[in-house]
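Dear colleague,

Please read them alongside the coordinates.

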Amino acid sequence: MKYGQDITVLNLSAGGVWFETTSQLSPDSTIVLEFLGPGHSTLIPSRVMRCQPAPATEHGARIKSACAFKRLLRVKDLVTGPTLPIDAVLSIEDAGQWQPVVGSYGDGRLVRGYTSDFSPSKSHLRIAPARSAAEAQPVFLNDLDALFFMRDDPVLANGAGAELARESASPYGRRVAMALPGGEELVGSTLDYKRGHSCFIHPSENDFGVERVFVTPKGVRKVRLL
């Protein structure tokens, strides 16, 4: 944390981070995280979504916390070693810039396409039928029950990419179940569930091709705690 303690990163994406600290943070507070890359540092304003105690270690008590970034983190700028071929790293991030999504309305309607500008702090996003801004149309989050982020990156179908896909299904937080648009039930975990507020759900398994779900306050009524 900028001008604060070091953190131990457990899970990192372009939109947020799950980490450990030695002291308690305040949910809904704003902090600034500083990530050090090979040539420069990156400052990311972040909102604390959830905190929970972690099992104590020989180094003392630890707190696990989840933060949502207020702008996207360029993960490729932090790569310092050959954990993946550099073209694979770039492919993962480029695919993330235009990610396939399915928006679910309360009346059963669906909107499908690709988005590159989603942020939980914004009132709307743009969804295009293809990976191009030319045909993108605004969709207001308040009109949706949920926004499903789908997985279709071929890099994640083999090798180290498949391992990244498995690691992205976070086992932390509350276990919940949510009805999918087709009637099936998705089971996963959430770090920031609070009735009347939006939250993210990370599937325990990827049987339906869902990477994560952003549930709006309207859609929380369809979430069941396990």
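F69 is buried (under 20% relative accessible area, with exposed meaning over 50% and partly exposed in between, for a 1.4 Å probe and protein chains only), because its relative accessible area is 5%; F35, at 8%, counts as buried too. Residues are numbered from 1 along each chain as its sequence is written, and side-chain values use heavy atoms, without hydrogens or water.

The whole structure holds 5 aromatic pairs, where rings of Phe, Tyr and Trp (its six-membered ring) pair if their centres lie within 6.5 Å, and planes under 30 degrees apart count as stacked, over 60 as edge-to-face and the rest as tilted. One of them joins F35 and F69, whose ring centres are 5.9 Å apart with planes at 80 degrees, so the pair is edge-to-face. Another edge-to-face pair is F118 with F200, at 6.2 Å centre to centre and 90 degrees between the planes; both residues are buried, and F118, F149, F200 and F214 form one aromatic cluster.

As for confidence, the protein chain averages a pLDDT of 76, and 77% of the residues score at least 70. Over residues 82-96 the pLDDT is below 50, as it is over residues 154-170. Where pLDDT is low, the predicted coordinates should not be read in detail.

Conventions. pLDDT = per-residue confidence, 0-100. Contact = heavy atoms within 4.5 Å.
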